Amino acid sequence: MRFGVVVFPGTWSDRDCGWAVEHALGAEVRYLWHRDRDLGGVDCVILPGGFSYGDYLRPGAIARFSPVMEAVREFAERGGLVWGICNGFQVLCEAGLLPGALIPNACLEFRCQWLHLRCERGDLPFTRGLGGRVLRMPIAHQEGNYQADPETLARLEERGQVVFRYCDEHGRTGGESNPNGSAHDVAGIVNLRGNVLGMMPHPERCAEADLGGTDGLLLFRSVAEAALSLAGGGPG
Amino acid sequence: MIARVIVAPKPVVNDPQGATVHRALTSLGFSEVSGVRVGKYLEIQLGAPSVEEASSRVEAMCRELLANQVIEDFRFEIDPGPGPQP
């Protein structure tokens with residue numbers, strides 16, 4: 001099982017993701033520079049958090065034109081697992097691999113805090129067996145306010161593409177539990193095919209007890225198991 | 001030529017910056033303000049054989065990069081600049 005971690009100029013969470021993969025999960029990591037056109041045979045590509053290209057113009061607006069993103073797009077079209085975290089979620093939306101956009105937090109503040117998410121799907125490669133679970137994870141972002149037009153939001157709900165919602169520790173949504181004003185309390189969405197996930201919270205920062213939580217490791221384990229079963233089940 | 005491009009949040013999209021500026025103006029006594037939207041202004045120097053050609057190129061720039069049409073609208077004007085000197 002090999003994870004690829006994309007590094008753009010300005011990415012800041014690449015080593016955190018790599019550490020989670022290598023030391024918490026025990027899998028192989030390969031760092032992919034933004035100029036790379038070859039993904040090196042990875043099973044899952046992580047687009048990590050940070051400020052790719054300084055977040056100039058809009059977060060993710062410039063990153064989507066980098067050579068590695070062409071390879072990521074082709075990989076996703078072949079069914080490869082693509083996992084955008086924080087800035088990576090913003091990049092996936094700008095690239096059109098996920099619908100909608102992330103605008104400045106309603107509070108206009110950079111929010112850096114622990115919070116709770118309700119996992120709405122337990123059947124995805126990223127969330128095997130986690131349906132209905134309330135997870136505790138940190139966020140750290142200024143532009144995490146997910147917005148889309150009403151038709152897109154309705155379609156996402158109909159098709160079960162909202163994977164994570166901000167909630168309280170009991171799994172209840174609404175009120176103070178939404179840190180950024182996201183429509184429908186969206187913290188993460190998946191594409192229709194189920195192989196491209198974008199989420200604002202940081203699972204790589206809660207993959208070891210020393211970091212204050214291990215719920216993030218559940219997602220890394222899920223991806224590793226899914227990749228193994230894909231490999232064992234013939235051509236994926 | 002110079003293209004002057006304005007990118008602004010779509011009317012249906014929440015604009016937290018605009019709302020905050022609106023509240024600040026109200027608190028300063030500008031009670032006549034009924035709404036504020038905060039966007040971006042870009043000045044682009046470019047060469048083109050005609051204003052029409054420049055317009056179609058700038059339109060493409062806006063669609064491909066300068067505006068995210070999920071959340072933003074754009075508009076622009078082309079300033080042909082000083083004409084050839086006699």
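Predicted model: local features only at pLDDT ≥ 70, side-chain atom pairs only at ≥ 80, totals over all residues.
1. Three strands of chain B form an open sheet in the order S2-S1-S3, and their pairing is antiparallel. Strand S2 (40-45) and strand S3 (72-79) of chain B stand at the edges with a single partner strand each, so one side of each has no neighbour in the sheet. From one strand to the next, the twist averages 20°.

2. Pairing within that sheet. Strand S1 of chain B, which covers residues 2-9, pairs with S2(B) in the antiparallel sense over six bridges.

3. Helix H2 of chain B, made of residues 51-66, lies across S1, S2 and S3 of chain B and runs at about 155° to S3(B). Its end C-alpha atoms are only 19 Å apart, whereas a straight helix of 16 residues would span 22 Å at 1.5 Å a residue.

4. Which residues of H2(B) are buried? They are B:Ala54, B:Val58, B:Cys62 and B:Leu66. Seen down the axis of H2(B), these buried residues fall within an arc of 80°, and they therefore line one face of the helix. The buried residues of H2(B) pack against S1, S2 and S3 of chain B, while on the other side of the helix B:Glu52, B:Ser56, B:Ala60, B:Arg63 and B:Glu64 are exposed.

5. An enclosed strand in chain A. Strand S4 of chain A (residues 81-85) is largely enclosed by the rest of the structure, because five of its five residues are buried. A:Leu81, A:Trp83 and A:Ile85 point one way from S4(A), and A:Val82 and A:Gly84 point the other way, with all of them buried. In general terms, the side chains of a regular strand alternate between the two faces of the sheet.

6. The partner of S4(A). Strand S3 of chain A (residues 44-47) runs parallel to S4(A) and is joined to it by four bridges. In this pair, A:Leu47 stands opposite A:Gly84 in S4(A).

7. Contact between the chains. Chain A has 13 residues in contact with nine residues of chain B. The side of chain A that touches chain B is made up, by class, of seven nonpolar, four polar and two charged residues.

Definitions and conventions. Residues numbered from 1 in each chain as written. Chains lettered and ligands numbered in written order. Contact = placed C-beta atoms within 7 Å. Nonpolar A, V, L, I, M, F, W, Y, C, P; charged D, E, K, R; others polar. Pairing = 2+ DSSP bridges. Helix = DSSP H or I, 4+ residues; strand = E, 2+ residues; numbered from the N terminus. Axes fitted to C-alpha atoms, helices over the stretch in contact; angles between N-to-C directions. Expected span 1.5 Å × (residues − 1). Buried ≥ 20, exposed ≤ 12 C-beta atoms within 10 Å, placed from the backbone. Arc of directions from axis to C-beta.
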